[in-house]
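Me: Walk me through this model, feature by feature. Give me the general idea, then the case at hand.

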Amino acid sequence: MININMANTKFKSFQFPFEKGKIREFANAIYDPNPIYRDSQYAKSQGFSDVIIPPTFPMTALFHVESDNIVLEVMQKLGMDPIKSVHGEIEYTYERPICAGESLRGEINIGNIYEKAGKRGGTMTFVELEIKLFDTTDRLVAIVRNTFIEKG
Amino acid sequence: MNEIKYFEDVKEEEQLPGFQHTITRTHIVKYAGAGGDFNPIHHDEELAKMAGLPSVFAMGLMHGGMLSRVVTDWAGDGCVKKYKIRFKGMVWPHDTLSFQGKVVRKYREGGESLVNCEITVVNQKGEQNIEGEATVRLPSRK
């Protein structure tokens, strides 16, 4: 049974360093050869302080959170059954680009929890997991919103 | 490498240049290491079969990440305001995926010149694996 009382609560905080080598490795794994993700000189010539991150890079926050498996940990705390659950969607919102060398403060929050009727009968429960990233002046830089769906 | 795309030069319904990848287990493993998704369903063949699947399958964020190039190659670097993807179908080794996008709307809002795009990943059978949308901030000549 999903614990609906956990909707709109803080879950964990963490520190997220954005590292050039990791950005290059990630760009390689998504097969994007753009030098903006690899070449500091090129990035500076384009007006950035160093290489920037690809748009989906922030999920590597997983490496910086104290947990063996943060998604599983959240599901357990919520009472979700991982076998019946899927990653439904993910949305990244940016106030500005993020560069290598930055270190942002991260907050993981549980967002809304709601139900919808499944197309083949049964109930689907939607759980939002949100990661907010703040700079050293506490300005919001980016938000990652995940929606996980447990099928009834 | 990328030319500057100006807001004024964008046409609604314009197609974004696309590309294809044929997915292998190596793609999946590379992304698992880079992205941090060590869920064994994506790399442990025995476990996937015991779970009743024909084989391992790719994590959505792998091809979801590959898709971002459709937007950034076209719009330029550092322009993404929003990138949203919905996972619709599973991706298996040997699938050939087409990554595509098109402009759906250009508008000015909150002092920014914005363009909304629809982006998609479709497999060799025409099945949609990812349905998505992106919003980019573009420089204006004005």
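Me: In β3(B), which residue is the bridge partner of L16(B)?

Reply: Strands of a sheet pair through backbone hydrogen bonds, either parallel or antiparallel. Here, L16(B) has G101(B) of β3(B) as its bridge partner. Across six bridges, β1(B) and strand β3 (residues 96-109) of chain B pair in the antiparallel sense. Two strands count as paired if DSSP finds at least two bridges between them. Strands are DSSP runs of E of at least two residues, helices are runs of H or I of at least four, and both are numbered from the N terminus.

Me: What should I know about numbering and confidence before going on?

Reply: Residues count from 1 along each chain as its sequence is written, while chains are lettered from A and ligands numbered from 1 in the order written. The model is predicted: local features need pLDDT of at least 70, side-chain atom pairs count only at pLDDT 80 or more, and totals for chains, interfaces and linings use all residues.

Me: What is the strand order of the open sheet?

Reply: Ten strands, with antiparallel pairing, in the order β1(A)-β3(A)-β4(A)-β5(A)-β2(A)-β2(B)-β5(B)-β4(B)-β3(B)-β1(B). The edge strands are β1 (9-17) of chain A and β1 (15-22) of chain B, each pairing on one side only. On average, neighbouring strands are turned by 20° against each other, direction ignored.

Me: Which strands of chain B does α4(B) touch as it packs on the sheet?

Reply: α4(B) touches β1, β2, β3, β4 and β5 (128-137) of chain B. Its direction makes about 140° with that of β1(B). Axes are lines fitted to C-alpha atoms, for helices over the stretch in contact; angles run from 0 to 180 degrees between N-to-C directions.

Me: How many bridges join β2(A) to β2(B)?

Reply: Five, between strand β2 (residues 85-94) of chain A and β2(B), and the two run antiparallel. One residue to look at is E91(A), whose bridge partner in β2(B) is K84(B).

Me: How many residues of each chain are in contact with the other?

Reply: The size of an interface is often given as the accessible area lost when the parts come together. Here we count residues: 25 of chain B are in contact with 28 of chain A. Contact requires C-beta atoms, placed from the backbone, within 7 Å. On the chain B side, β2(B) gives the largest share, eight residues. That side divides into nine nonpolar, nine polar and seven charged residues. Nonpolar covers Ala, Val, Leu, Ile, Met, Phe, Trp, Tyr, Cys and Pro; charged covers Asp, Glu, Lys and Arg; polar covers the others, Gly among them.

Me: Which residues touch the most other members of the largest nonpolar core?

Reply: In soluble globular proteins, nonpolar side chains tend to be buried together. A nonpolar core is a set of buried Ala, Val, Leu, Ile, Met, Phe, Trp, Tyr and Cys residues joined through C-beta atoms within 7 Å. A residue is buried if 20 or more other C-beta atoms lie within 10 Å of its own, exposed if 12 or fewer, and partly exposed in between. Of this core's 68 residues, I23(A), L67(B) and V71(B) touch the most other members. Strand β4 (residues 112-122) of chain B gives the most to the core, five residues.

Me: Which residues of α3(A) are buried?

Reply: In helix α3 (residues 70-78) of chain A, they are I70(A), V71(A), V74(A) and L78(A). Seen down the axis of α3(A), they fall within an arc of 105°, so they line one face of the helix. The arc is that of the directions from the helix axis to the C-beta atoms. These buried residues pack against β1 and β4 (123-134) of chain A.

Definitions and conventions. Two residues are in contact if their C-beta atoms, placed from the backbone, lie within 7 Å.
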